[in-house]
Amino acid sequence: MNFGITTIKYDHPFTTESGFTFPALELAYKTWGELNEDKSNVALVCHAFSGHAAADEWLSDCFGKGKMLDSSRNFILCINIIGSCYGSTGPRSINPETDKRYGSDFPKLSIRDMVRAQQIILDRLGIREVEFAFGASMGGMQALEFAIMDDRIKQLVLVAMGKSHSPWAIGISEAQRQAIYADPNWKNGDYSDDAPPLQGLSAARMMAMLTYRSAHSFEHKFGRKRQEGAGIYQVESYLRYQGRKMADRGFDALTYVRLSEAMDSHDVGRGRSGSREVLANLNIPVLIIGIDSDLLYPVAEQKELVSLLKNGQFTGLHSPHGHDSFLIEFEKMQQIIHDFRKTAKNFREVSLNSNN
C-alpha cells in the first residue's frame, strides 16, 4: 500500500508512556494541497483503528472543491499512527538495534504516544497552526488529545467517541483480543510470516463488525436470507468475508492487539487533574457528532463530552447504520461540519479581536 504516501525517518529516541524507548521511528503520512505562506491553513485528519494515511481512499466523498477536505483551500494532512502496519513503526517493523522485528517486544501504546509521534511530522513540516482537526472513533480520540496537548489546533471536529473508553468498549476489545490469543499460531506475538494467526484475527474482526453496525442495519441488509449454494445465512457469509478481507489486506494480529489496547488507554483525565478540569481549559470551538444508532459509543458519551467543554456543540446524526455511519453518511456529516465551521470562524474572529 502506497497511494502516494511519504515516509520519513526520525533518528532520535522516542520513549512511550509505558517507558519503552524506540531508537528511531518511521512515520508515514500523505498530504494534499499546498501550505500557505505562514503555514496555517492545515486540515489534520486523524484516522480510525484500521485506517491509514491515504485518507482519500477511505474518506473519498469528503474530498473535493467545496467539501470538508478541499485541497484548494487547505493543506490536508493525514499521518499513519505508530503501532500500525501501514507505514509507520509497528510490531512487524525492524528494530534497528537488533535487525529483527519487534514482535512481542513492541510495547503497549497510548493515544498520547500516537499524538506525540504525529507532532514530529507537524514540526518537520514547520506547521504553525492547524485550522481544524477531524477524527472519528479512534481518530477522534487522537484529535481530542491533540487539541489538549498542542495549542496549534484551532477548531476540532469529533465523531462517535467520548472523553474516555468505557468499560463496555474495553470489554468488547478484550473479547476480540482473546479470539486472537486463542489462535494456535499466536505464540504471544512472535509468529512468523508463514504462519500468522489469521483465524484469530478474522474472528476478532467479525466481532468488531457486529459492533460497527446496528441490528436494524443487519435486518435490512440480510434478514434471514440464505447464501445461495453455501448452506449458511447471508449474514454469516458477510462476516466471514469481512474477517478474511482484513487478513488478506495484510493487517497484522499484533497490531490489532496493540491498537485496541491503545484505545482502552483513552481517558483525557488520566494522570492529569481530571477530565472536567482538562476539558474546561480547552478554549476552542469543538463540534461533537453523535450517531443515534451507535452501539459502540452511544450518544450519551458525546453529550457528556459536550457538557464538559466551554465551546462545545453537539449535533446528532440520524442513521440506521450504527458506528460506521461516519464512513457512509458523508453528505449528512459534511453539512453538519460545514454549518459548524461557519460559526466557528466567527467565534475565532471574536476571540482574536478580544485578545488585541
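Here are some notes on the predicted model above, going from the whole chain down to one strand and a few cysteines.

1. **Overall size.** Start by zooming out. The C-alpha trace spans about 70 × 55 × 40 Å along its principal axes. With 356 residues, a compact globule would have a radius of gyration near 21 Å, and this chain comes in at 20 Å, so the two agree.

2. **What it is built from.** If you count the elements, you get 11 helices and 14 strands in the protein chain. Take the contacts with a separation of 6 or more: 73% of them link residues 24 or more positions apart.

3. How much of the chain is buried? Of its 356 residues, 55% count as buried. As for the surface, the chain exposes about 15700 Å², and carbon and sulfur atoms supply 48% of that.

4. Go to residues 286–291, which form strand E13; six of its six residues are buried. In a regular strand, side chains alternate between the two faces of the sheet. Here, both faces are covered: Val-286, Ile-288 and Gly-290 are buried on one side, and Leu-287, Ile-289 and Ile-291 are buried on the other.

5. **Its partners.** Which strands pair with E13? One of them is E10 (residues 156–159), which pairs with E13 in the parallel sense over four bridges. Look for Leu-158, which stands opposite Ile-288 in E13. Another partner is E14 (residues 312–317), which runs parallel to E13 and is joined to it by six bridges. There, Gln-313 in E14 is the bridge partner of Leu-287.

6. **Getting from E13 to E14.** Now trace the chain onwards from E13. On the way to E14 the chain passes through helix H10 (residues 299–307), making a β-α-β crossover that is right-handed.

7. **The cysteines.** How many disulfides does a search of the whole structure find? The count is zero. Take Cys-46: its nearest cysteine sulfur belongs to Cys-78 and is 7.4 Å away, whereas a disulfide needs the two sulfur atoms within 2.5 Å. Cys-46 is also buried, with a relative accessible area of 1%.

8. Is Cys-85 buried or partly exposed? Cys-85 is partly exposed, with a relative accessible area of 25%.

Key:
Residues are numbered from 1 along each chain as its sequence is written. This is a predicted model: local features need pLDDT of at least 70, side-chain atom pairs count only at pLDDT 80 or more; totals for chains, interfaces and linings use all residues. Side-chain values use heavy atoms; hydrogens and water are left out. Buried means under 20% relative accessible area, exposed over 50%, partly exposed in between (1.4 Å probe, protein chains only). Helices (H or I, at least four residues) and strands (E, at least two) are DSSP runs, numbered from the N terminus. Two strands pair if DSSP finds at least two bridges between them. A crossover is right-handed if, with the strands pointing away from the viewer, the path from the first strand over the helix to the second runs clockwise. The radius of gyration is taken over C-alpha atoms; the globule rule is 2.2 Å times the number of residues to the power 0.38. Contact means heavy atoms within 4.5 Å. Accessible areas come from the Shrake-Rupley method with a 1.4 Å probe; for residues, only the protein chains shown count as cover.
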